Every structure is written in structure tokens, then in C-alpha cells.
Amino acid sequence: MFQPIIPLSGLSGWRFLQSTYDRQFETFTKSVELKRDTEYFKDNIGSIETAEDLVKDRRLLTVALGAFGLQDDINNRYFIRKVLEEGTTNDDSLANRFADPRYSELSKAFGFGPSETRKNAAEGFAQNISEKFQANSFEVSTGDQDQAMRIALYAQRQLSDIADSDGSVDTKWFTIMGDPPLRNLFQKALNLPESFGQIDIDQQLGVFKERAKKAFGTEDVANFSDPEKLQELITKFIVKDQIDNFGNSLSSGSIALTLLQR
């Protein structure tokens with residue numbers, strides 16, 4: 001399978017990836033394995049009638065989970081079946097009990113829950129899920145070389161949808177805080193420590209909003225529906241990650257040597 005090319009780290013690497021993304025992504029989607037998986041999904045997903053049917057077919061489940069960035073749950077079939085079967089209409093359904101919004105997005109997309117309409121046979125469904133699967137697969141492959149680039153690509157694809165969605169400012173922040181890649185991006189871009197997640201959730205919300213207002217002039221997540229503002233956020237994240245990696249790569253001896261050479 002084609003591996004994304006990232007010849008440089010940090011901001012230079014991100015700019016290279018942005019300028020070559022369309023060509024690299026097109027080549028990536030032509031990979032034999034990826035084409036085989038997506039074609040199988042398109043040919044067979046419409047005939048699936050229950051969540052049990054879906055989780056029994058590993059090839060279909062691979063694409064379904066991969067589309068939502070949940071590929072690591074491929075062996076948790078009983079858990080995924082429950083997420084799908086309970087749906088999202090009830091507040092206490094399994095998918096709604098997770099802070100991570102990707103489980104509810106998965107369940108809602110298929111519509112296997114009570115009082116829900118099954119959507120997997122609808123026109124355009126297979127194509128939409130396949131495109132998401134391809135995009136996420138490219139991001140995963142990118143992450144094998146540079147995890148920060150994977151997170152940046154994910155944010156570029158997902159964050160504008162959250163920014164444009166209905167709901168209050170706080171609701172959007174809670175969605176971000178529950179989404180591991182987006183939380184990672186904001187936490188690093190806003191220069192918050194890894195231990196930050198251990199404090200009270202409402203305190204976290206307050207700090208995120210305060211830091212965002214200071215850095216971007218507003219606490220409103222809708223701000224990131226603007227492509228320029230979104231790139232400003234991603235740039236802050238990439239630069240901070242590069243600084244952190246540079247610091248971690250220097251031993252105490254090399255730091256002392258660097259200081260002596262100045």
C-alpha cells in the first residue's frame with residue numbers, strides 16, 4: 001500500500017503535505033487493498049439488516065469502524081453490536097454514555113436502534129461511508145510516520161463540521177473535549193499540560209474557553225468554520241508539537257553543549 005510522503009517534520013512538513021495532499025490521497029485510494037475493501041463494502045452493505053449481521057462480517061465492519069476512526073474496536077464485536085442496537089434516541093443508550101462522540105456518530109449513521117430508520121441501504125450511504133473510510137485510512141497511514149500530521153488532517157476534516165453544527169458554545173466544547181484527537185490538538189495548541197485532563201470537567205471547559213479567547217479572540221468554536229482560523233489553530237498545534245519533540249530529543253548533555261556553544 002502506498003505510504004504518504006512527509007520528507008520534513010513540523011511546519012515545513014505540514015505545508016508540504018497540504019500542497020501534495022490531493023495527489024497523494026488519489027494515489028493512496030488506488031491501493032489494491034483499499035479498493036478491495038471499499039468495493040466489497042459498496043456491494044454488500046445494503047443487504048445488511050441488523051447490527052448482528054454487520055459485526056459478523058469483518059470486512060464490512062472494518063470499513064464501518066474505520067470511517068469513524070474506531071478501527072481499534074474491530075475485535076470488540078459485542079460492544080459495537082450493543083452500540084449499534086441501542087441507537088442514539090435514548091439518553092441512556094450505550095453510545096450516548098461515552099464522552100467520545102464517534103460512537104454516537106457511528107450508531108446514528110446506521111440507524112439500527114429502536115424507533116430509528118435503517119440507513120445502510122439508502123442512496124449515497126455506501127459512497128459516503130467509503131469516502132470517510134478512505135480519508136481516515138490515509139490519516140492513519142500518515143500517523144505511522146508523524147502522529148501530529150495525522151491529528152492535523154483529522155482536525156482539518158472534522159472540526160469545521162462541529163463549528164457549523166447546532167448547539168451552544170459549551171456543547172461544542174464538550175464534543176471537542178470528548179474527541180481524543182481534537183482534544184489533543186486543542187490541549188497542545190493552547191499550551192495545556194497532559195495532566196490537565198485530571199481536573200474537574202467544568203473547570204476544564206472554563207480553561208479551554210479562556211485560553212481560546214486569549215489565543216484567537218473568541219471562545220466560540222464556530223470561529224473555526226473559517227478556514228484561515230482553522231489553519232491558525234493547526235499551525236499553533238504543529239509548532240508546539242515540534243518544539244516539544246525538539247526538547248525531548250535533547251539530552252541534558254546536549255542541552256549543556258548547545259548552551260556553551262552560544
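**Confidence.** I began with the scores, since the model is predicted. The protein averages a pLDDT of 93, and 94% of the residues score at least 70. I then looked up residues 251–262, where pLDDT stays under 50 and where the model has one contact beyond four places in sequence. Where pLDDT is low, the predicted coordinates should not be read in detail.

**Helix H4.** I asked which residues of H4, spanning residues 58–66, are buried. I found Leu-60, Leu-61, Val-63, Ala-64, Leu-65 and Gly-66 to be buried. At the N-terminal end of H4 I found a cap from Asp-57, with a side-chain oxygen 3.2 Å from the backbone nitrogen of Arg-59.

**H4 against H7.** I next took up the pair H4 and H7, whose axes come within 7 Å and cross at roughly 75 degrees. An angle of 65 to 115 degrees counts as roughly perpendicular, and H4 and H7 are therefore roughly perpendicular to each other. On the H4 side I listed Thr-62, Val-63, Ala-64 and Gly-66, and on the H7 side Ile-129, Lys-132, Phe-133 and Asn-136. Sorted by class, this contact of H4 with H7 has four nonpolar, three polar and one charged residues.

**H7 against H8.** How do the axes of H7 (residues 125–143) and H8 (residues 147–164) cross? I read an angle of roughly 155 degrees, with the axes coming within 6 Å. Angles over 145 degrees count as roughly antiparallel, so H7 and H8 are roughly antiparallel to each other. From H7 I noted Lys-132, Ala-135, Asn-136, Phe-138, Glu-139, Val-140, Thr-142 and Gly-143, which meet Gln-147, Met-149, Arg-150, Leu-153, Tyr-154 and Arg-157 of H8. By class, I recorded six nonpolar, four polar and four charged residues for the contact of H7 with H8.

Definitions and conventions:
Residues are numbered from 1 along each chain as its sequence is written. This is a predicted model: local features need pLDDT of at least 70, side-chain atom pairs count only at pLDDT 80 or more; totals for chains, interfaces and linings use all residues. Side-chain values use heavy atoms; hydrogens and water are left out. Axes are lines fitted to C-alpha atoms, for helices over the stretch in contact, and angles run from 0 to 180 degrees between N-to-C directions. Helices (H or I, at least four residues) and strands (E, at least two) are DSSP runs, numbered from the N terminus. Angles under 35 degrees count as roughly parallel, over 145 as roughly antiparallel, 65 to 115 as roughly perpendicular and the rest as oblique. Contact means heavy atoms within 4.5 Å. Ala, Val, Leu, Ile, Met, Phe, Trp, Tyr, Cys and Pro count as nonpolar, Asp, Glu, Lys and Arg as charged, and the others, Gly among them, as polar. Buried means under 20% relative accessible area, exposed over 50%, partly exposed in between (1.4 Å probe, protein chains only). A polar contact is a pair of N or O atoms within 3.5 Å; within protein, one must be able to donate a hydrogen and the other to accept it, and residues adjacent in sequence count only if both atoms are side-chain atoms. pLDDT is the predictor's confidence in each residue, from 0 to 100.
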